[in-house]
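Please examine the structure before reading the solutions.

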Amino acid sequence: LSAIWRILVTGNTLLAHCVGAGKTLTMVASSMELRRLGKARKPFHVVPNHCLSQYTAEFVRLYPQARVLMATKEDLSGDKRRAFVARIATGDWDGVVMTQATFERLMLSPEKQYEFIERQLSEARTMMALTEDRGAKRSIKEIERRMKEFEAKIKRLVEGGKADDQSAVWFDELGFDWGFIDEAHGLKNLGRMSKMPRIAGLPNVSSQRAFDAFMKTRLIMEARDNREEGVVFASATPISNSLA
């Protein structure tokens, strides 16, 4: 009850509860309460691949009258994709439950991705201009190079006609305004900007999965007038392998 109340009142929340403490119940109940209070219109829930049916069944058992849409891998393959994405966009859902793999396949529009990467590049350039430390400049240049790689990747996707060409709707057009991400420790190794490069034990590798989630969660917060709300992470192991 305390965790549900905290999500409703404080916005962005990490449920760092041990296994069996009831993270699923907390996320489902707070999702429904956010809907009931009018604070969220269409929440989505991201769960590990093997938990999709179990999580959805728990959702319906707790709220038998809830309108829950379960997005499977098959729903987003081939000709079914366009119809299913349209169902997400046009339906009045209490919750859309999907796997991590499905979450990654629902891409942001190229325009939004370009916009986001440009802002990141601008931050990197600002840091470079403000520092006299050669090591830090080297670190920021590495980040800038990585951002340009992301930009080139998006460009290749669009020009090659591979950027979700079977769907007319992008992630940012689906109406999602609150996200619950289970087992969030899987989103580790996000590239970071730091004036202290090459510290032992703090690798600065860049995970595409983490960067994708970073873009989408920032988009949700921007849609909420840049308030620190709209994202809930759940993990029994919040610090996984690396403090970074």
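Two exercises with worked solutions follow; the model is predicted.

**Exercise 1.** Describe how helix H6 (residues 110-130) packs against helix H8 (residues 208-223).

*Solution.* 
1. Two packed helices are described by the angle between their axes and the distance between the axes.
2. For H6 and H8, the angle is about 95° and the axes lie 11 Å apart.
3. Angles of 65 to 115 degrees count as roughly perpendicular, so H6 is roughly perpendicular to H8.
4. On the H6 side, the contact comprises Lys112, Gln113, Phe116, Ile117, Arg119 and Gln120. Their counterparts in H8 are Phe211, Phe214, Met215, Arg218, Leu219 and Glu222.
5. Sorted by class, this contact of H6 with H8 contains six nonpolar, two polar and four charged residues.

**Exercise 2.** Determine the surroundings of strand S2 (residues 43-47): is the strand largely enclosed or open, and which strands pair with S2?

*Solution.* 
1. In a regular strand the side chains alternate between the two faces of the sheet.
2. In S2, Pro43, His45 and Val47 point one way, while Phe44 and Val46 point the other way.
3. Buried means under 20% relative accessible area, and five of the five residues of S2 are buried, so the strand is largely enclosed by the rest of the structure.
4. S2 runs parallel to strand S5 (residues 178-182), joined by four bridges. With strand S4 (residues 95-99), S2 also pairs in the parallel sense, over four bridges.
5. Val46 illustrates both pairings: its bridge partner in S5 is Ile181, and its bridge partner in S4 is Met98.

Technical notes. Residues numbered from 1 in each chain as written. Predicted model: local features only at pLDDT ≥ 70, side-chain atom pairs only at ≥ 80, totals over all residues. Heavy atoms only, no water. Axes fitted to C-alpha atoms, helices over the stretch in contact; angles between N-to-C directions. Helix = DSSP H or I, 4+ residues; strand = E, 2+ residues; numbered from the N terminus. Parallel < 35°, antiparallel > 145°, perpendicular 65-115°, else oblique. Contact = heavy atoms within 4.5 Å. Nonpolar A, V, L, I, M, F, W, Y, C, P; charged D, E, K, R; others polar. Buried < 20%, exposed > 50% of the residue type's maximum accessible area, 1.4 Å probe, protein only. Pairing = 2+ DSSP bridges.
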